[in-house]
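Biologist: Please take a close look at one part of this model for me. Pick a single aromatic residue and follow its ring partners. Then set that part against the whole chain.

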Amino acid sequence: MKKIAFYEPWFFLLFGVFHLHRIWGIFDRKSYASFWIGVLESRNAFYYGLMAVLVLCCLLGIISFFKNLHRNYWWRWIYIVGGCYLLFDLFAIYTGLRFWNELLLWMFDTDSPYWNMIWFMFILLGGFVFCLGIQLLIKYQSEKSGQAENMKSIYRSGQSKKTVLQLYDRQMEDLKVPYADLFVNTSFGKTHIIECGNLTRKPILVFHGGNATTAYNLKYCGFLQNDFHIYAVDTIGHPGKSAEVSLSPRNQDYGKWAVEVIKGLGFHEMACFGSSFGAGIKV
């Protein structure tokens, strides 16, 4: 599941402000050029502090890209393209690469007819990155609010939860079939599964109906016991022993969760069976 890390909006806001400060150079070329050339030549504490912050931001961005390699947002490619460019830029400045220093002196030539064009490009880039940071910050706060909502218990009280789980265990005992409790970690939360049936036969993943339980569902799926190796899953966010994380039925979250459960059980694909809401997940 795609998630925005807490630092990512601030990453773009920081670089947005850094590029937007170049508006200064549009209104006062000489003081802007004098300040930055002075920083580059003096190599004082500000110079090394700025270099360190920029390097750390670039490395953090690149690490974030590869950490989320299979579930990246499009904007994380900026970490690769922009990060690698900036790291080379900082390396070239620090080591004093001749052609790069000449390029910088050309960029800071206050008499250049290209001055406004060069710095307007950086300002536009800064505006785009800053707006992207604002958008990500809003989206992150929305995700955070949704996660907080999901953290609420699906039960009205601790006692009601205890009562439901006691009923769950009694229903499993009443089935009088051997079974094993399994747990699979997914990006949506821990998922509980009952393994039972004929362990030598074809595996099947069984989903119960909405707000029902696996224990109750297995009572009516007895016809599967002899012919299938059953993995009966407690749907996440429903009564049972899985995480109490409510997923939206309006998107693909339940399907993604089911895929992660199948992979967590060690299968690439498997037959599925479900009734009512469980049939909807299967589809």
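Modeller: Tyr 32 has 0% relative accessibility, so it counts as buried. The cut-off for that label is under 20% relative accessible area. Keep in mind that this is a predicted model.

Now the partners. Trp 115 also sits at 0% relative accessibility and therefore counts as buried. By the ring-pair rule, the count comes to 33 aromatic pairs. One of them joins Tyr 32 to Trp 115: the ring centres are 6.3 Å apart and the planes meet at 90 degrees, so this pair is edge-to-face. The cut-offs behind that call are centres within 6.5 Å and, for edge-to-face, planes over 60 degrees apart. This pair links distant parts of the chain. Tyr 32 belongs to helix 3, residues 29–42. Trp 115 belongs to helix 7, residues 115–150.

Trp 119 lies in helix 7 and Tyr 32 in helix 3, so the pair ties together parts 87 residues apart in sequence. Tyr 32 and Trp 119 are both buried.

Step out to the cluster. Ring pairs link Tyr 32, Trp 115 and Trp 119 with Phe 18, Trp 24, Phe 35, Trp 36, Phe 46, Phe 108 and Phe 122.

Next, the whole chain. The protein has eleven helices and five strands. Of the contacts with a separation of 6 or more, 71% are between residues 24 or more positions apart. Buried residues, Tyr 32 and Trp 119 among them, make up 40% of the 283 residues.

The overall dimensions follow. The C-alpha trace spans about 90 × 40 × 30 Å along its principal axes. The radius of gyration is 28 Å, whereas a compact globule of 283 residues would have one near 19 Å.

Last, surface and charge. The accessible surface comes to about 16,400 Å². Carbon and sulfur atoms hold 63% of that surface. The protein carries 27 positive and 20 negative charges, and their mean positions are 5 Å apart.

Definitions and conventions. Residues numbered from 1 in each chain as written. Predicted model: local features only at pLDDT ≥ 70, side-chain atom pairs only at ≥ 80, totals over all residues. Heavy atoms only, no water. Helix = DSSP H or I, 4+ residues; strand = E, 2+ residues; numbered from the N terminus. Rg over C-alpha atoms; globule rule 2.2 N^0.38 Å. Buried < 20%, exposed > 50% of the residue type's maximum accessible area, 1.4 Å probe, protein only. Contact = heavy atoms within 4.5 Å. Areas by Shrake-Rupley, 256 points an atom, 1.4 Å probe, with all protein chains shown as cover. Lys, Arg positive; Asp, Glu negative; His and termini not counted. Charge placed at Lys NZ, Arg CZ, Asp CG, Glu CD. Phe/Tyr/Trp six-rings, centres within 6.5 Å; stacked < 30°, edge-to-face > 60°.
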